[in-house]
Protein chains: 2
Amino acid sequence: MNIESMQFASRFNGISGSAIREIFKLLAVPGMISFAGGNPSLSALPDEQCAELARELLLDKGKILLQYGATEGYAPLRESLVPYLKDRFSFDCKADEILPVTGSTQAMDLLCKALIDPGDKVVVENPTFLGNMQAIRLYQAELVPVDSDDDGIKVDELEEVFKKEHPKMLYIIPTFQNPTGRTLSLERRKKIAALASQYGVVVAEDDPYRDLRYTGRELPSIKSFDSEGWVAFMGSFSKVISPGLRVGFLAANPALLRKCVIGKQSSDVHTANLSQAIVDAYLRRNLLMPHVEEICKSYAQQMNTMLGLLAKCGGVARYTKPEGGLFIFAELNEGMNALNLLMKCVDKGVAYVPGTHFYPGGGHENTFRLNFSMCTVEQIEKGMELMNEVFSENL
Amino acid sequence: MNIESMQFASRFNGISGSAIREIFKLLAVPGMISFAGGNPSLSALPDEQCAELARELLLDKGKILLQYGATEGYAPLRESLVPYLKDRFSFDCKADEILPVTGSTQAMDLLCKALIDPGDKVVVENPTFLGNMQAIRLYQAELVPVDSDDDGIKVDELEEVFKKEHPKMLYIIPTFQNPTGRTLSLERRKKIAALASQYGVVVAEDDPYRDLRYTGRELPSIKSFDSEGWVAFMGSFSKVISPGLRVGFLAANPALLRKCVIGKQSSDVHTANLSQAIVDAYLRRNLLMPHVEEICKSYAQQMNTMLGLLAKCGGVARYTKPEGGLFIFAELNEGMNALNLLMKCVDKGVAYVPGTHFYPGGGHENTFRLNFSMCTVEQIEKGMELMNEVFSENL
């Protein structure tokens with residue numbers, strides 16, 4: 001039978017792969033200044049430290065690390081996550097309520113696997129992270145967008161949606177959100193935890209950027225206000241140690257976590273032990289926060305440079321002023337089209353991601369997302385100058 | 001709302017986690033001789049070699065390895081898999097037709113994600129590997145078992161099932177099958193490739209044990225007889241380098257592979273780069289086959305010891321005589337119950353896996369699976385003596 005007749009699963013209807021990843025292919029031109037990615041700076045990746053740690057760990061406990069591990073995760077890492085979660089995210093949980101995963105992307109996948117039947121509704125911020133929108137869509141859920149303002153998602157609208165639409169889950173990035181860079185206010189964090197319990201909606205709290213704070217004061221996680229167990233917390237070491245290691249974690253109530261463990265058994269059996277052990281060493285030996293402080297110094301300077309130049313950039317009507325993270329979200333004058341202008345920018349040698357991709361319903365063609373972590377201050381100055389030229393010529 | 005009211009996805013109906021993993025919890029008694037697992041021997045895990053490789057690779061290209069990688073896999077590994085597949089599995093494919101994955105378990109998960117809608121039928125060998133039965137069930141497919149004999153799955157019955165049931169997929173382990181240790185004959189390999197094309201059924205060929213051959217001659221893969229692209233080939237380095245690294249691969253036709261790549265984007269973005277680079281070094285530097293030869297010497301001795309003692313074991317009516325791999329499958333006299341006798345064996349200090357777990361429809365309570373890789377020859381002798389005592393007392 002002709003191979004063209006192969007029938008794929010209906011979950012792929014309308015799914016075409018990440019639009020961002022397609023944009024990245026445009027950027028392979030030497031000298032391109034990319035504000036498009038969301039990667040850590042190369043200088044932030046601790047290659048020498050990881051090299052020595054990997055060797056030491058494999059010499060010391062290689063037989064354990066190279067053998068099959070538990071689906072539930074590398075036990076020392078689960079233990080060292082307990083004080084980390086308490087210290088950094090202000091919530092108590094036991095080691096066996098934490099599941100190390102293959103990047104927080106897997107946490108989202110497992111939560112969907114555990115909870116979502118086709119046709120279920122999942123509330124997302126409008127705009128939100130493209131990657132997890134696709135994850136949710138692959139589970140054939142219906143995305144229900146709720147707008148956000150400078151304090152994060154609008155909780156009054158959220159409550160209306162909870163009441164009317166009976167969603168299964170809220171997916172939310174409370175700190176230095178992707179793509180907006182915005183942070184959910186303290187009051188709204190409390191309110192969302194309360195709404196989750198009140199309406200029986202699982203909150204998938206995705207907080208990978210929190211440690212990258214350059215100004216302002218830290219806020220406790222939504223999970224810290226969760227008395228009943230409706231909040232599932234997803235963390236990641238991709239932004240603060242290394243994305244290439246693929247280590248994140250999920251903290252959730254035991255019944256939900258158990259479903260995720262069963263789902264993970266069939267997904268990848270367990271996360272690579274060596275990766276887990278390296279992250280464990282960062283936590284256990286207090287290597288993480290000094291490393292994060294180093295990174296933050298440089299990222300803060302990069303962000304401030306970009307914010308300063310955005311203020312003077314032709315065609316830019318407004319933009320967010322994040323206190324941390326990796327992204328700034330900007331709006332061009334009404335009528336300007338960031339999708340069309342991207343091609344002109346790429347021709348000049350600078351790139352960003354059009355904001356429309358982050359809206360579940362599309363539209364918002366005058367918005368765009370800027371990343372500042374992957375460029376030096378000099379590259380940011382040069383890139384913003386090129387963008388200014390293109391935008392100013394197309395007012 | 002009370003957390004007890006949380007509704008899980010219907011894919012979990014009737015799924016309770018791996019029965020084998022529950023058995024493993026019984027085995028945590030010191031001194032227990034376990035024929036229950038499927039792990040490599042600890043002495044087969046190249047900890048020192050991996051320690052030096054990890055350090056060298058991270059010092060040499062740490063910035064690449066610690067950064068985000070492509071979902072499609074670490075490019076050097078994809079390239080070094082091409083000659084490996086040609087040499088070991090007798091089929092040609094291009095680097096971009098290969099997807100490195102987080103253990104071959106992920107290959108199965110992605111194939112199901114790409115192909116299976118609830119209610120679709122998947123043919124499996126009867127008995128077959130428990131882990132992937134669960135993976136298939138989580139996609140809400142209906143398992144259709146087809147019996148096997150000493151030459152592997154019965155192809156006449158298989159054709160009948162293809163004709164009548166219109167399955168979406170056949171899941172098959174052609175070499176040193178889990179749990180039987182049997183190897184599919186050359187004629188049947190050809191026939192299955194032909195049937196796949198004729199009836200438009202995807203063959204998921206799972207071949208993780210092939211390099212562990214202790215006697216007899218190698219056979220080409222089913223994929224090597226696949227002219228149309230209906231065979232998807234899954235390989236693993238878990239049995240020959242390390243399961244803890246979590247590296248396997250999928251080779252499939254471009255349209256199917258593309259769906260798997262999109263599915264993987266949302267599952268874990270990509271497989272840990274360091275793990276991929278270590279496996280790449282084994283292939284690229286010709287470290288793999290000398291290492292495999294070492295392992296095989298020892299495993300062969302362990303298998304032969306076990307086979308010799310099985311011949312003299314009370315209550316054992318028959319057993320398979322594998323030419324490699326990790327498992328032997330045995331049958332007790334009619335009326336004896338391997339499930340009940342397991343508890344008596346565990347009390348004495350030896351364990352196996354009851355065969356019933358490997359049959360989609362259960363039953364076959366007089367069968368059991370033995371693993372020989374994780375025990376020394378002395379432990380095998382001792383464990384078989386204990387088993388012999390229990391079985392002989394319960395004839």
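In chain B, helix 4 (residues 104–115) packs against helix 8 (residues 254–268) at an angle of about 105 degrees, and their axes lie 9 Å apart. That makes helix 4 of chain B roughly perpendicular to helix 8 of chain B (angles of 65 to 115 degrees count as roughly perpendicular, under 35 as roughly parallel, over 145 as roughly antiparallel and the rest as oblique). This is a predicted model, where local features need pLDDT of at least 70, side-chain atom pairs count only at pLDDT 80 or more, and totals for chains, interfaces and linings use all residues. Residues are numbered from 1 along each chain as its sequence is written, while chains are lettered from A and ligands numbered from 1 in the order in which they are written.

**Terms for the helix pair**

- Helices (H or I, at least four residues) and strands (E, at least two) are DSSP runs, numbered from the N terminus.
- Axes are lines fitted to C-alpha atoms, for helices over the stretch in contact, and angles run from 0 to 180 degrees between N-to-C directions.

**Residues of the helix pair in chain B**

- Helix 4 of chain B contributes B:Leu110, B:Leu111, B:Lys113 and B:Ala114 to the contact (two residues are in contact if their C-beta atoms, placed from the backbone, lie within 7 Å).
- Helix 8 of chain B contributes B:Leu256, B:Lys259, B:Cys260, B:Gly263 and B:Lys264.
- By class, this contact of helix 4 with helix 8 of chain B has five nonpolar, one polar and three charged residues.
- Ala, Val, Leu, Ile, Met, Phe, Trp, Tyr, Cys and Pro count as nonpolar, Asp, Glu, Lys and Arg as charged, and the others, Gly among them, as polar.

**Confidence**

- Chain A averages a pLDDT of 96, and 99% of its residues score at least 70 (pLDDT is the predictor's confidence in each residue, from 0 to 100).
- The model scores ipTM 0.97 and pTM 0.97.

**The sheet of chain A**

- Chain A has an open sheet of eight strands in the order 2-9-8-7-6-3-4-5, with mixed pairing (two strands pair if DSSP finds at least two bridges between them).
- Strand 2 (98–101) and strand 5 (152–153) of chain A stand at the edges, each with a single partner strand, so one side of each has no neighbour in the sheet.
- Helix 3 (residues 75–89) of chain A packs on the sheet and touches strand 2, strand 8 (231–236) and strand 9 (248–251) of chain A.
- The direction of helix 3 makes about 105 degrees with that of strand 2 of chain A.
- Helix 6 (residues 155–165) of chain A also packs on the sheet, touching strand 3, strand 4 (142–149) and strand 5 of chain A.

**The sheet of chain B**

- Chain B has an open sheet of eight strands in the order 2-9-8-7-6-3-4-5, with mixed pairing.
- Strand 6 (residues 169–172) and strand 7 (residues 202–206) of chain B pair in the parallel sense over four bridges.
- Here B:Tyr171 stands opposite B:Ala204 in strand 7 of chain B.
- Strand 7 and strand 8 of chain B pair in the parallel sense over four bridges, and B:Ala204 stands opposite B:Ala232 in strand 8 of chain B.
- Strand 8 of chain B runs antiparallel to strand 9 (residues 248–251) of chain B, joined by four bridges.
- B:Phe249 in strand 9 of chain B is the bridge partner of B:Gly235.

**Buried residues in chain B**

- Six of the six residues of strand 8 (residues 231–236) of chain B are buried, so this strand is largely enclosed by the rest of the structure.
- A residue is buried if 20 or more other C-beta atoms lie within 10 Å of its own, exposed if 12 or fewer, and partly exposed in between; C-beta atoms are placed from the backbone.
- B:Val231, B:Phe233 and B:Gly235 point one way from strand 8 of chain B, and B:Ala232, B:Met234 and B:Ser236 point the other way.
- B:Leu81 lies in helix 3 (residues 75–89) of chain B.
- B:Leu81 is buried, with 24 other C-beta atoms within 10 Å.
- Leaving aside neighbours within four places in sequence, B:Leu81 is in contact with B:Ile98, B:Phe249 and B:Leu283.

**Where the chains meet**

- The contact takes 72 residues from chain A and 72 residues from chain B.
- Helix 2 of chain A gives the largest share of the side of chain A that touches chain B, 13 residues.
- That side of chain A divides into 33 nonpolar, 27 polar and twelve charged residues.
- The axes of helix 8 of chain A and helix 4 of chain B come within 5 Å and cross at roughly 100 degrees.
- A:Ser266, A:Ser267 and A:Asp268 in helix 8 of chain A meet B:Thr105, B:Gln106 and B:Asp109 in helix 4 of chain B.
- By class, this contact of helix 8 of chain A with helix 4 of chain B has no nonpolar, four polar and two charged residues.
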